[in-house]
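The sequence and the structure come first.

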Amino acid sequence: MDIRITGATQNTLQHVDVTLPGGKLIALMGPSGSGKSTLAYDTLFAESRRRFLDCLSPGARRLLARPEKPRVESIEGLPPALCLEQHVPVGHSRSVLGTLTEVLDYLRILYAALGVPHDPVTGACLTRLSPEEIVSSLMAQPEGTRLTLLAPMPPVFGREPESDILMLRKQGYLRVRVNGTVCELDELEKAPPQEGDVCELVVDRIVLRPGADSRVADSVQTALRVCQDEVRALLQPKGEEAQLQCFHTRYRNAETGFTLPDLTPGLFSHYSAHGACPRCDGLGMVEDARKKTAICPDCRGMRLNPTALAVTLNFAGRELNLGAFCELSVQENRDLVAALELPAVFREALAPAVAETLKRLDCLIELGLGYLSLSRAANTLSGGELQRARLAGQIGGGLSGVLYILDEPTIGLHPRETEKLVRALHRLRDKGNTILVVEHDPQLLKAADWLVEMGPGAGPNGGRILAEGTYADFLTHDSSPTGAWLSGRRVMPTVEPRDPDSCRWLELPAAGARNLKAVRLRLPLGAFTCLSGPGGSGKSTLVHECLLPALKKGGFPGADAVARAVVVDQSPLGSSPRSTPATATGLLDVLRPLFAALPLSRQRGYTASRFSLNVRGGRCERCMGTGRLQVDMNFLADLYTECDACHGARYNRETLEVTWRGQSIAQALARTVDEAVEFFSPIPRAAAILKSLQELGLGYLPLDRSVTTLSGGESQRIKLATYLSKAAPTRGGKPGEKLLFVLDEPSTGLHFGELELLLRALFRLRAAGHTILCIEHNRDILSRADYLVELGPGSGADGGTITYAGVPRCTE
């Protein structure tokens, strides 16, 4: 069924009417701020979530805050929606790649059923006997042996002798062995056992002869009903003294007496109190004496307790506990599980668990994540990795009739990995699902069944549907800006490339961290270099673990020509909801003294700190300067509502009475970058920051937007704009100071027109004499670099080698 949206006016949407074909792969594109996310998340997903809450019982709904209905006249044919976000959880997290994809759920079943336990202290293999094995051992005794079968009684037996003995009589028992002496129940009534006495119930007395095995088996089962962990046998061969033998049905070390309960999946879960390491509570990390996070010394970061880590599984001759297995790469995991041999008795029961494990591992590999480990914490994954991991879990889950919403799933993917992603999305679609991706990658656009373009600009200049149709339709669509780029009618800007041979070189000697194989990296100084290669090939390791630390130490060719390195990555600008683009770029540091110098501020004695959101005085204390109040939704994600005291202004009433050019600081910061450029034009420092943001395509961005809601691409461009505003010689750092700018996937989330702005910004930095190194896969950027370095040829152990270094081999 198609999804029909009528009259959507949420945020900046301008009465949008659009029909999305059901059961198709749909790509939603357009400039940043054009309304893509508003349509996908704030309208479709929000309405699906609201309808889900309406299905709950009245009692459950009373416990939850009711979300607002999206501003839309109607949405018909809307199926249940799942949003596979790129949001990375912050702080400590128990969530790992294995839990995101449910692979660990199936591995726990396999370890509980097939695992071989060991003594955590001695490492000795623990053994246990089945009832059948106990019977076989007893029947192997010499013929004529007298057998007295005993069942250990609990320590509380005899505390209430009358009721305890009466219970035994009703069950037909006549004798109890106390401290090695067999007593009749009548004797026990006269002299009850004392605390500390060892009491054993006499279950049966048998003379072992051929044919007695049936009676012995019945008696063993009866004894195990009294004590399920142990059966004791007093054996007296003819003419010999009686000897006591103990048969344990629980895992036990015969030398030390250490026992282990039955293996259950819960024992292998770091979420469970039965399985989690008691030192770190399943986090894998602890705080050391210096209050810094360190790997837990007890579990060595594996999150499980010693008992769980003492259980191993035999993968075709390779014995591994679950922690060690999860520290291997996904590709190695797949090979080991495929080689796992199931015992015949377990084959039918466990074959589905093995099949589900392999299916999910194959999905991870197909989505370009084979280089990761199942133990990798979710809060250390990039946004793209996290989203693809969640996608792998959904593909393995087998749902149908669902609307999946994804944001830029191609982030961080090499072109050949994008092909695998497309195949995975088609598989999910072919199960009867509708896939809506916010995307600009040409490969994915070409593979989509239907394209929808929004624009033409950002904010109030966007919010409209410009074009919709197939990929072929877009190539000839006159009113589609995207179609102009896809068809080649518009091309990216070019400038005269810098000849690497005319440059001085930065030469990093053999780098061998992680999977790098003595890599010798050479970068032309003052030029624009791109570093490309498959995910897991070693790009980030080479830059962040080798190049940047080496630059701090210096001592290799070219290092003296770089004053310092500036990392412009996609990490969040901050974790505080009080942080905004205005604070991140330093704009607020320019404006606070301006407002503090106004007559009313001087009259009241206000200083610049009065206009800070991080200290008491000028901010609204009801919301602590965030403008929003958090509403706990219990088992659902929290909701946020506008502060009822400041109504989103963040500052208190007295502070808002101070105005410049007729506007308070809250009103000035509520403007978008485009609106603020003209308003703050009399302030040169403020104007330089705002123009840099505008030149990077961020003109739509409100200056008071919380940084916690920004995408990784937006965060990166804000960081870049901060340096661009200082790029002019009169505003730069020290005269002649040359920097190395390191950017990680700067094309993330950018429409073709915004890519053009990004390239112009990078060319400006190069023209100022700086060196630029981009980790990138976008072909438009790669083709316009002065120098290209490719790592590969594969991921993990198959990567770590420079496969190409030189000028780009193609222009498009």
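In this predicted model, helix α4 passes helix α12 in a left-handed crossing. Helix α4 covers residues 103-114, and helix α12 covers residues 344-366. Two packed helices are described by the angle between their axes and the distance between the axes. For α4 and α12 the angle is about 150 degrees, and the axes lie 9 Å apart. Angles over 145 degrees count as roughly antiparallel, and α4 and α12 are therefore roughly antiparallel to each other.

On the α4 side, the residues in the contact are V103, Y106, L107, I109, L110, A113 and L114. They meet F346, L350, A353, V354, E356, T357, R360 and L361 of α12. By class, the residues of this contact comprise twelve nonpolar, one polar and two charged.

The pair belongs to a chain with 28 helices and 34 strands. Totals for that chain are listed below.

| Chain property | Value |
|---|---|
| Box filled by the C-alpha atoms, along the principal axes | roughly 110 × 60 × 60 Å |
| Accessible surface | about 36600 Å² |
| Part of the accessible surface belonging to carbon and sulfur atoms | 50% |
| Buried residues, out of 812 residues | 52% |

Among contacts with a separation of 6 or more, 67% are between residues 24 or more positions apart.

Technical notes:
Residues are numbered from 1 along each chain as its sequence is written. This is a predicted model: local features need pLDDT of at least 70, side-chain atom pairs count only at pLDDT 80 or more; totals for chains, interfaces and linings use all residues. Side-chain values use heavy atoms; hydrogens and water are left out. Axes are lines fitted to C-alpha atoms, for helices over the stretch in contact, and angles run from 0 to 180 degrees between N-to-C directions. Helices (H or I, at least four residues) and strands (E, at least two) are DSSP runs, numbered from the N terminus. Angles under 35 degrees count as roughly parallel, over 145 as roughly antiparallel, 65 to 115 as roughly perpendicular and the rest as oblique. A crossing is left-handed if the near helix is turned anticlockwise from the far one by less than a right angle, and right-handed if clockwise. Contact means heavy atoms within 4.5 Å. Ala, Val, Leu, Ile, Met, Phe, Trp, Tyr, Cys and Pro count as nonpolar, Asp, Glu, Lys and Arg as charged, and the others, Gly among them, as polar. Buried means under 20% relative accessible area, exposed over 50%, partly exposed in between (1.4 Å probe, protein chains only). Accessible areas come from the Shrake-Rupley method with a 1.4 Å probe; for residues, only the protein chains shown count as cover.
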